[in-house]
Amino acid sequence: MEMSFPIDIFVIIDLILISMLLVVGIAIVRLNNLFVIVMLYGVYSLLAATWFVSLDAVDVAFTEAAVGAGISTVLMLGAMLLTSRESKPTTPIRRWTSLLIVLVTGIALIYATFDMPAFGDPNSPANSYVGLMYLKATITDISVPNVVTAILASYRGFDTFGEVVVVLTAGLGVMLILGIDSRRSRSGEVENKDAIAKEANTKNKPEKINALNHHIVLQVVAKMLIPIIILYALYVHFHGDYGPGGGFQAGVIFASAIILYSLIFGMDQTRRAIPPKLVQFGSALGVLIYGGTGIITILMGGKFLDYNMLDQNDTIHAQHMGILMIEVGVLVTVASVMLSIYYGFAGRYRQLKDQNW
Amino acid sequence: MSFEMLLSNAAALVVVVPLLGGAIAMLLGSSRLAWSWSLICALVTFSLALVLLAGVLGGQNISYEMGAWVSPLGILFEIDALNVLLITLVSAMGLLALLYGLPTIDQEVDRHQHAMFFGTFLICVAGLIGVSITGDAFNVFVFLEVSSISTYVLVAMGSKQNRQALTASFNYLILGTIGATFFVIGVGLLYMATGTLNMADISRVLAETGSDRVVRAAFAFIVIGLGLKTAMFPLHTWLPNAYAFSPSMIGVFLASTATKVALYMLIRFLYSVFSAGQSFETAMFDYVLAPMAVTAMIVCSVQASFQSDVRRLLAYSSVAQIGYMLLGLSMGTVAGLAAALIHLFNHALMKGALFMAVGIAGLGLGVVRISEMRGLGKTMPLTAAGLSIAGLSLMGVPLTAGFISKYYLVIAALERGWWWAVVAIVVSSVLAIFYVGRMIEVMYLQEPPKTTDDAAVTVRSPILPLIALYVLVIANVWFFFDPSLPMGLANTAANELIGGGGS
């Protein structure tokens, strides 16, 4: 034992991160300004992602960073712009009831901790039973270095299929309720119309107002960044077997690149580059690729998502093929749905001014 | 695909067909094309469910290994007497709701949205079947999310008719998400305690190791999570508006399936995963579940009596009827559990028919409130008759399926010595007579609103919704005379769950 510290340094880091999460959480509850709250959500996710890294759950950390800190902050800001900047005060009764419910829930969780296995205990059920089986079997069954990918994409591939459908359903919800093609502004946005008129008068460029395109620096930097981001998305996608990553994270990163483009160059240009119809098609296409892979394995005489059927001489190769196919499905649906949600929100206001961000 | 291949993969396809069908339906531009496609998918799904039903009735429980991975490495689908009833019910109601839905949806949802609407509906059907069919606790969560998120969307689509659909959907979303989160916390705790996610495997490990605080906390989280989804009193506040303001086809489908599937999960967890008979569970049955069930039966029946909106009346009655089922399952006996399952099945038939009839009346005459049903017996005789028969079934009148379930529930309560439960059943039934009777009285004893030429108008009802309605109305009578299908399955299931000790 070469430990010079009485306590493991990682435990201290974990404790610091947890305390910071707690502080941010309390701040979110106490604040009324939604803009600040959205920003703090981003901070919260980033802290959580850091904590997951320290817990060696890098795949989860990656997803949390990409989704929680990245894209959902943009989407929340988009939602906020359509509604309000301040939350309405609640009644005291409501506040105290909520506190009571949260307290009871917290007590139940703390009650459970007394019998929980020690942190990192190698003999705990979670570390010694099915988890251990995965670690042992992955090498012979699937032979990818990243066991998380093996579990998500193959052993429990049907769960991931369901998750992709959840993502599609969320996209369908936005498409149905907000519409992704809508350029009409609704009656509730009168003040916005005034703002448009004002903006149009001052700038005299009404067709480009929905953008930050008067910021030359931003434009130049974005133009350089976007290809790199997309390249990175592809790297994350295809490297998922070896390191943290995969279709889900890659889809989110890909969508972020397009959203960045849209923020700088405007919705109309983005719509021309990636039409809403294509986004709608893509959302379904990914699910069809994923499910189609399962149907193919059935047609080849196996069970649903039994990748071994894809190449019966070399099941390792077959597994890799199957994982690759479904990951493409995940990528396509996730990227398309993220864009459709963004289109749904962004299509609702005619313009974004600097001060809105 | 050879026919044999289709049959041997029926368990997977019954979920996958509507899922992929939904993804395709959303891309079909035309409303009629999307509807026809969805109807075909629903028909195939129902046929696959019948294949599974035939298999289980033949005495063979079916299990299916997803991806050919053996449990507990992979996800296992397990089909027995308990869930095959649900799978058949959900797929049948999906088919009937689609058959019923076309004319109402034309009125309630913008045409360019139809393709995506039907796509979402198929995904919702698939989600509910997925929850019912899987033997894996985390997979339950995934499909619970598929079905819930699609449900929120579908409820919100009532907003063209009434903007309140949006707030109803939002309320449902918040409470449903809390429910799902509680459920997944519970599953996480169970994984911590057992190291596995397969429900049969969790049950086996728990039987070996016994329960500790982690397991008890998991129990509490899962019961509350599923209780929210089941609309267990007092966690039912999302339900009335969600049912009342959704498009009528969605009201029909949700009222007959959504809470039933959540209730099934509750049964599965209470009796199979946490094998019944552990002290904390029996205490929960006696001191929480049964009193809440009885309260729901009475309070919500009273609330139903005071509603003026027909669909809200039916929705409150649903919460009361869920109380009957919870009462049955809280008895902890074979008879009680079987009675709960029979009522689950029968209630789906009667509420489905009632919501359909009200929807048809709404289509013809714009009926929303009870007072607007005046003289429906003359203006829309077939619809009024269907509504009355289903209403009688809801009261529990002999010659209808509702009588069977109430009869067995009373027998089970007497057998358990719960005389107060019998009193509650009687009181709640009297209240049902009151609120159903009010509808029948308005329909038959009051004159229809006069038109200018002083002649009562008869309104022609569209044929497809009437067919769907009468399928259910006939089922309500049929399952009085021949209740062997639900009763056989319910008894087998109850015996397996209680006799088998949850293994």
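Which residue of chain B stands opposite B:Leu76 in E2(B)? B:Glu65 holds that position.

## Basis of the model

This is a predicted model, in which local features need pLDDT of at least 70 and side-chain atom pairs count only at pLDDT 80 or more, while totals for chains, interfaces and linings use all residues. Residues are numbered from 1 along each chain as its sequence is written, and chains are lettered from A and ligands numbered from 1 in the order in which they are written.

## The strands of chain B

Chain B has 20 helices and two strands. Helices (H or I, at least four residues) and strands (E, at least two) are DSSP runs, numbered from the N terminus.

Strand E1 (residues 62-65) of chain B pairs with E2(B) in the antiparallel sense, over four bridges; pairing requires that DSSP finds at least two bridges between two strands. From strand E2 (residues 76-79) of chain B, B:Leu76 and B:Glu78 point one way and B:Phe77 and B:Ile79 the other way. All four are buried, that is, 20 or more other C-beta atoms, placed from the backbone, lie within 10 Å of the residue's own.

## Overall form of chain B

Buried residues account for 65% of the 503 residues in chain B. Along the principal axes, the C-alpha atoms of the chain fill a box of roughly 80 × 55 × 40 Å.

## Contact between chains A and B

Chain A gives 47 residues to the contact and chain B gives 52 residues; two residues are in contact if their C-beta atoms, placed from the backbone, lie within 7 Å. On the side of chain A that touches chain B, the largest share, 15 residues, comes from H8(A).

Terms used:
Buried ≥ 20, exposed ≤ 12 C-beta atoms within 10 Å, placed from the backbone.
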